[in-house]
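Hi,

Here is the structure I promised to pass on. My notes on its side-chain contacts follow below it.

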Amino acid sequence: MAPNAKLAAELSRAEAAPGDKAPLYTAILSDFKQLSTPDTAAADLCAVADSFLGQGLGPMATRAVLAGFTSTVEALGNDELSIAVGTHALAALAAQPTTSSAFPEATAALCELVAAAHEANDDFAEAARALAQMPLDGSQRKVTADDRARVWVRIVRNYLEVDDSTAAEVYINKLKNIMHTVDDADLNLHFRLSQARIQDAKRDFLGAAQRYHDISFSTAIADEERLHTLAMAIKCAILAPAGPMRSRALARLYKDERSAQLPDEFGMLEKMFLARLLSPDEVAAFAHGLQPHQLATTADGSTVLAKAVIEHNLLGVSRIYANIRFDALGALLGLDPARAEDTTARMIEQGRLVGRIDQLDGVVWFEGGEASGEKGSGSAAALVGKHMRRWDANVEGLSEEVENVTNSLQKEFPDFVAANLVV
């Protein structure tokens, strides 16, 4: 769209004027509402940017005009206009490398303006990309660790709003290098919360549960937010792979007195902590409170929640039965016998369940006690080795007793031993 005729005339006069042109551009920006119309405002501002950036006004003059330009755009209060004009101005600055590097403050202000407008439109991915263009290095602009952290945390939170945990993790890794120098309590809290959300999104549920639980004790957030964070910790602990580490996480959350204030989560937490079997209705009710990524389908076709419940119920079965056939186990878990066997074998191999499998008879034998969580520690080989050592010890004890009896006979009845026993 062509600029307004009145504004175009003023720009032509400014470009043709000899000497210092900065005051003319400042005057145009001051009178912008009189020179432009709402319909042509975006095109007019883009024309102003192209005009003064192309005149080579000099660093000081250009810096002053850029500041006035950004203020004018911001004062109009139109998000769509801010995005269009701000993006155009940033592109114009980028087209002149020496110009963009010479005016980092103005570039940062434009990035902030565009990002805020995108956030207002709930376009969080574009907001993050706009903030990523903000210059945070260089000798011409003093940027503290707190300033960097504030921008990077905001980028992370924007990416998490659109569930882009991969992009968010890039900036979390940057933040890890500077957060030890940041004193702002709010920034540190947002950093920790973002770490928990990324672990949650990446299905590192045990790590996420620990971080959420730690954050739930922070006095920097309101009571309602602390309870919400505690609820997230419980959900993540429930979704974590069954085993000793999850059992410890569940115990820690169950003993937290605040957990009873969360009826939607506490019922599930209590049943899992007490190793009770869960019914499909209970699981379906709990699923309503989960986020989409927590209901995602895994490689074997089941959801994250379904997999966690199956493994939990398998642990519950192991505390009820000494042994069980795979067809009966599958019926209890809602699986076919082959998948029940695969799930059992995997948990034993990973050290999350103690037992052994008799494939010939199609039976799993459960060993009492808590699994160690170490890979291979719950396998049949470990159990067989334990029984073999016990057998060896019994044989050794019996052999020693026979030798003692023989020695006693030889002392008391040497002739009898010589005639009847081979020593």
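Arg258 and Asp256 form a salt bridge, with 2.8 Å between the closest N and O atoms; the term stands for a side-chain nitrogen of Lys or Arg within 4 Å of a carboxyl oxygen of Asp or Glu. Both partners are buried, Arg258 at a relative accessible area of 18% and Asp256 at 9% (buried is under 20% relative accessible area, exposed over 50%, partly exposed in between, with a 1.4 Å probe and protein chains only). Arg258 also lies over the face of Phe217, 4.4 Å from the ring centre (a charge counts as over a ring if NZ of Lys or CZ of Arg is within 6 Å of the ring centre and within 35 degrees of the ring normal).

Before you read on: this is a predicted model, where local features need pLDDT of at least 70 and side-chain atom pairs count only at pLDDT 80 or more, while totals for chains, interfaces and linings use all residues. Residues are numbered from 1 along each chain as its sequence is written, and side-chain values use heavy atoms, leaving out hydrogens and water.

The whole structure holds 14 salt bridges. One of them joins Glu169 to Lys202, with the closest N and O atoms 2.9 Å apart. That pair links distant parts of the chain, 33 residues apart: Glu169 sits in helix H11 (residues 165-176) and Lys202 in the loop between helix H12 (185-201) and helix H13 (205-215). Helices here are DSSP runs (H or I, at least four residues), numbered from the N terminus. Glu169 is partly exposed at 24%, and Lys202 is partly exposed at 46%.

Arg226 and Asp223 form another salt bridge, at 2.1 Å between the closest N and O atoms. They are three residues apart in helix H14 (residues 223-239), so about one helical turn separates them. Arg226 is buried at 18%, whereas Asp223 is exposed at 51%.

Now the rings. A search of the whole structure gives four aromatic pairs (rings of Phe, Tyr and Trp, the last by its six-membered ring, with centres within 6.5 Å; planes under 30 degrees apart are stacked, over 60 edge-to-face, the rest tilted). Phe52 and Phe69 have ring centres 5.9 Å apart and planes at 65°, so they are edge-to-face. Phe52 is in helix H4 (residues 41-53) and Phe69 in helix H5 (residues 59-76); both residues are buried. Tyr254 and Phe273 are stacked, because their planes are at 20°, with centres 4.5 Å apart.

Best wishes

Technical notes
Helices (H or I, at least four residues) and strands (E, at least two) are DSSP runs, numbered from the N terminus.
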